[in-house]
Amino acid sequence: MATYLKYFPKPVLDDLISGRWLPIIGAGMSLNADVASGQRPPLWGELGKALEEDLIDFNSNGALDAISAYEHELGRARLMDKLTQVLLIHEAQPGAAHKSFCSIPFDIVCTTNFDFLLEQQYRLGPNIVYPILEEEQLSLNSSKPGISLLKLHGDLHHPRRMVVTEADYDGFLSNYPLFATYLANLLITKTAVLVGYSLDDPDFRQIWHVVSQRLGRTRRFAYTIVVGANQSDISRFERRGVKVINLPGTRDRYGKILAQAFDELRELVRDQVFTVSNVTEEKPMQELSLPRSAPSRLCFFSLPLDVLPFYKDRVFPDLEEINLVPITADGVISPADTVIAKLDALIDRSIAMVIDLSSNWTLVELKMAMSRASVREREGRPLPLIVVVRKGQQLPSMLEGMTVIIRPDLWTSESEDFAIFLIRTLEKIIPLDRTSQQGEARRLLRAKEYRSAIVSAITYLEGELRRALRLNEEELGSRSYSLIGMVKSGIKKGLISDDLLPSLYEWIQTRNGIVHSKDDVGASARNAKMIVDGVIKIVSGFSRAK
C-alpha cells in the first residue's frame with residue numbers, strides 16, 4: 001500500500017502520468033550517496049566551511065562567498081581539485097534514493113549538481129543517458145533513444161563550463177542564453193519538481209531567477225519534495241511560488257523516505273500510463289484494461305518500422321492459436337514525453353517479449369527488458385525474451401544464454417519458415433496455466449474489481465473456445481474468426497447450447513462497453529457474478545462435448 005502518494009496533490013500526480021514533470025535535482029540529493037568511508041557529501045553551508053580552512057584570515061558570508069574567494073586566491077584549477085575532494089567525487093556511489101529516482105521513466109531530467117551520481121545510476125540500469133552541458137547539444141539528442149540529463153551548471157569534468165562562483169552566476173543568463181530559454185520553454189508546458197534544494201541554495205535562486213525573468217507572473221507553480229519541513233520553511237517556499245510536498249518523517253531518514261516515495265511514483269506510472277494513451281487495436285486494449293496483477297496474454301514485439309509490416313502479416317495472426325495477443329510500441333499512442341514510461345509499462349505488462357535487434361531503439365528496449373526480466377524473476381513472474389537477429393549480424397555479448405533466432409531476408413521463401421519457427425518457440429517457452437486464467441476472473445470478482453472480472457472472464461472464454469474449436473475442426477482456428485463467429489460455430493458443434501446465444505451476445509457487448517469506456521456500464525456486482533459463473537460453466541462443458 002502506498003505510504004507517501006497521498007501527500008502529492010492529485011494534479012501533480014496527473015502531470016507525472018501525462019509526462020509533464022520536469023525533475024530538477026539539487027545538491028541535497030547527493031547527501032543520499034553511498035560512501036565506503038561513512039562520510040557524506042557536505043551540505044551547502046558545510047562546503048563553505050571546508051573551503052575557508054585553506055584561506056588565510058577569511059570569514060565568509062556563505063558558501064558562494066567562500067567559493068568565489070577560493071578561486072580568487074588560489075585559482076580555478078585548485079578550486080576544481082578542492083571541490084573534487086570535498087564533494088567525494090571519486091568515493092561517492094549512487095544510493096537507494098538515486099536508484100529509485102532513476103527507475104522512474106522520465107525522458108528529461110535537469111540538475112545543477114557538479115557530481116556524476118545520476119549518470120552513474122542511469123548507466124547501471126537499462127537506459128542510455130545523454131548528459132547535456134553545451135548549448136550546441138540541445139538540438140542533437142531529440143531523436144535519440146534514452147534520457148536527456150540537462151546539467152545546467154556543468155560538472156567537474158568541464159571546469160570552464162561550471163557555474164560555481166559569483167561571477168559565474170552573474171554571467172549565466174548572458175553566457176548561456178539558450179540554456180535559460182530552453183529551461184523556460186520546458187517550464188511553460190511542464191511542472192517543475194525540485195528535489196534537494198533549500199531556500200539559501202544559490203542554484204535554486206538562479207533557476208527561479210531564470211524562470212521569473214522569462215515567464216514573470218505567468219509561470220506555473222513549481223513543487224519541491226522535502227522531508228519533515230517546518231511551517232516557517234514551507235511558508236518561505238510558497239511566498240516564492242514554490243509549493244511544498246512535505247513528506248512526514250525525520251531528516252535522518254531523508255534518503256530512505258525519498259527512495260520509498262520514488263518507488264511509489266514509479267509504480268503509479270506503470271499502473272496509469274495507459275489511461276492517458278490511446279491503444280489502436282481491440283485485443284491489446286482488452287488486455288491493458290485488466291489490472292497489472294492479472295495474468296497477461298500480451299507479447300510485446302520490439303520492432304523497427306521497416307520490419308513491422310512483415311510481422312503484422314506473417315506472425316501476428318497466428319499468435320491467436322497459442323492464445324497470445326501481440327502489441328508494439330506504435331500500437332499505443334501516448335503523450336510525447338512518455339515514450340520511456342510507455343515502453344517500461346509495456347514490458348511490465350507482457351508475458352513475453354520478442355526483440356528484433358536491428359536498430360538503436362530496439363537495442364535500448366532489449367536492455368530495458370533484460371533489467372525488468374531480472375526483477376520479475378525475483379518476483380516469481382518470469383519474462384521470457386526472444387532476440388531476433390539478421391543473418392550475418394554480429395551478436396552482442398549480452399545475448400549469451402538467451403534464446404536467439406536468426407532471421408533471413410524478409411519476404412523470401414525462407415521467411416515463412418522463420419515465422420512458423422518463431423511461433424513454435426514462443427509456444428514452448430511460455431507456460432500456459434489455464435487454471436490460473438480461470439481462477440483470475442473469480443479472484444477479481446472477490447476483490448470487487450467487477451469491470452476487470454468481466455473482461456477477464458470473456459477473455460478466458462475466447463481462449464478456451466478457440467482451443468476447443470481447433471481440436472474439433474482444425475480450420476476453425478482461422479485468423480478471421482471473431483468471438484461471435486466462434487460462439488456460433490460452438491453452437492453448431494454442440495459445445496454451447498443455442499439458448500445461451502442471447503446471453504453471450506449481451507455478455508460480450510458488456511465487455512466491449514467496459515473496454516471502450518471508463519464508465520461502469522453493466523459492471524455491477526450482480527452482473528459480474530452472473531457473467532463469471534456463466535462463462536466458467538460454459539467452458540466446463542467443452543470437455544464433455546468432445
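The stops below go from the sheets to the helices and end at a pair of rings.

**Before you start**

This is a predicted model: local features need pLDDT of at least 70, side-chain atom pairs count only at pLDDT 80 or more, and totals for chains, interfaces and linings use all residues. Residues are numbered from 1 along each chain as its sequence is written, and side-chain values use heavy atoms, with hydrogens and water left out. Helices (H or I, at least four residues) and strands (E, at least two) are DSSP runs, numbered from the N terminus.

**Stop 1**

Find the open sheet with the order 3-4-2-1-5-6-7. Its 7 strands pair in parallel. Two strands pair if DSSP finds at least two bridges between them. Which strands form the edges? Strand 3 (129-132) and strand 7 (242-247) do, and each pairs on one side only. Neighbouring strands are turned by 25° on average, direction ignored.

Now select residues 108-111, strand 2, and residues 147-151, strand 4. These strands run parallel, joined by 4 bridges. Click Cys110: it stands opposite Leu150 in strand 4.

**Stop 2: helices on that sheet**

Select residues 231-239. This is helix 11, lying across strand 6 (222-227) and strand 7. Helix 11 runs at about 150° to strand 7. Angles here run from 0 to 180 degrees between N-to-C directions, and axes are lines fitted to C-alpha atoms, for helices over the stretch in contact.

Next, take residues 254-272, helix 12. Helix 12 lies across strand 1 (21-25), strand 5 (191-195), strand 6 and strand 7. Its angle to strand 6 is about 130°.

**Stop 3**

Move to the open sheet with the order 10-9-12-13-14. Its 5 strands also pair in parallel. Strand 10 (325-328) and strand 14 (403-407) are the edges, each pairing on one side only. The twist averages 25° from one strand to the next.

Select strand 9 (residues 298-302) and strand 12 (residues 352-356): 4 bridges join them. What is the bridge partner of Cys299 in strand 12? It is Ala352.

Contact means heavy atoms within 4.5 Å.

**Stop 4: two helices packed together**

Show helix 9 (residues 177-189) and helix 10 (residues 202-215). They pack at about 75°, with axes 9 Å apart. Helix 9 and helix 10 are therefore roughly perpendicular (angles under 35 degrees count as roughly parallel, over 145 as roughly antiparallel, 65 to 115 as roughly perpendicular and the rest as oblique). Show side chains at the contact, including Leu183 and Leu187 of helix 9 and Val210 and Arg214 of helix 10. The contact residues divide into 10 nonpolar, 1 polar and 1 charged. Ala, Val, Leu, Ile, Met, Phe, Trp, Tyr, Cys and Pro count as nonpolar, Asp, Glu, Lys and Arg as charged, and the others, Gly among them, as polar.

**Stop 5: a pair of rings**

The structure holds 11 aromatic pairs. Rings of Phe, Tyr and Trp (its six-membered ring) pair if their centres lie within 6.5 Å; planes under 30 degrees apart count as stacked, over 60 as edge-to-face and the rest as tilted. Zoom in on Tyr311 and Phe418, an edge-to-face pair: 6.2 Å centre to centre, 90° between the planes. Tyr311 sits in helix 14 (residues 308-314) and Phe418 in helix 18 (residues 413-429), 107 residues apart.
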